[in-house]
Amino acid sequence: MADTEVESAGAAGATNVSFSLISPAKRAQWQRRLTLGAGDVLNLSLFEVPETARAEVPVSPDGTISFLQARDVKAAGLTIDELRTNLDEALGKFYQNPRTIISPLALRSKRYYVLGAVVIKGVFTLDRPLTLIEAIARAGGLETGLYEQRTVELADLSHSFLVRGGQRLPIDFERLFQRGDLTQNVALEPEDYLFFASANANEIYVLGEVVNPGVLTFAPRPTAVRAIAARGGFADKAFKSRVLVVRGSLERPQTFVVDTAAILAGKAKDFELQPKDIVYVSTNPWVVAGEVLDIAARTFIQSFLVEGTTRKVPAAIR
């Protein structure tokens, strides 16, 4: 299904373990200081001057707003109180002690992204506090299909992820959806990227210091060296003696160290791969798999974000 941009209306927020309103003390920083942005729509007027009322005044794409004689006043990144102060100051040249009344009509500047194996893929408006489960419900739920006359979900939960601020959050989607562990049901924040990998894709991910990093369609009896060769071979800075293979869940991965230099020299047997394996070639010598595991996981996530959507995605996972 094609990507869409979705706006939703509704009431009632949610905590990470319930569907009740979030108390002010537990609100995220972006909720405690809710700022305006391009696309938000406001109703404006001056106190006790009804003829000054202006309805449906948008925050323009450059982040400014105009009201009466106050032209192109910065609004993006400001709270309503801060914008009111700026408008009062600008209008003070034309009115005696102006008091601007601002009523939000539509808050559309806060967004999040749901991609991958969901019914409705695209950009959604974060117009109220929302948990991960509620976000998936807005997206129509996970995609389903028929297998042996049974309806099954088509998302690979073990390789699904949530990216915030350029970093993957440690969310265990299997615990959330298969065990009902609501501690994993986190609240979303603006610019969150939620991606559900497809369970149908028998793929291998070859990343790092190879000529053409990316996804490789699963073939009969694939091996580490063959997979790397299929993506153009090693890059100049590749460290061939310790190639990392990551298998299983991103939260509980199984790791294997492959000496491809020994394999190429005929001194060792090639390592056989399985569907969804991540083959990561590092630039530097390392001793413990954990030293490069996080880098491999971040590279995997970045490759999915870039290949899984035609929309703008973070330039790098830090």
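1. Two strands are said to pair if DSSP finds at least two bridges between them. With that in mind, take a look at β16 (residues 243–247) and β18 (residues 278–281) in this predicted model. Three bridges join these strands, and they run antiparallel.

2. Five strands make up an open sheet, and reading across, the order is β15-β14-β18-β16-β17. The pairing in this sheet is mixed. At the edges you will find β15 (214–217) and β17 (254–258), each of which pairs on one side only. From one strand to the next, the twist averages 25°.

3. Another place worth a visit is T64, a residue of strand β4 (residues 64–67). Is T64 buried or exposed? T64 counts as buried because its relative accessibility is 15%, and the cut-off for buried is under 20%.

4. Which residues does T64 touch, leaving aside those up to four places away in sequence? They are P58, V59, D72, V73, K74 and A75.

5. A polar contact of 2.7 Å links it to the side chain of D62.

How values were computed:
Residues are numbered from 1 along each chain as its sequence is written. This is a predicted model: local features need pLDDT of at least 70, side-chain atom pairs count only at pLDDT 80 or more; totals for chains, interfaces and linings use all residues. Side-chain values use heavy atoms; hydrogens and water are left out. Helices (H or I, at least four residues) and strands (E, at least two) are DSSP runs, numbered from the N terminus. Axes are lines fitted to C-alpha atoms, for helices over the stretch in contact, and angles run from 0 to 180 degrees between N-to-C directions. Buried means under 20% relative accessible area, exposed over 50%, partly exposed in between (1.4 Å probe, protein chains only). Contact means heavy atoms within 4.5 Å. A polar contact is a pair of N or O atoms within 3.5 Å; within protein, one must be able to donate a hydrogen and the other to accept it, and residues adjacent in sequence count only if both atoms are side-chain atoms.
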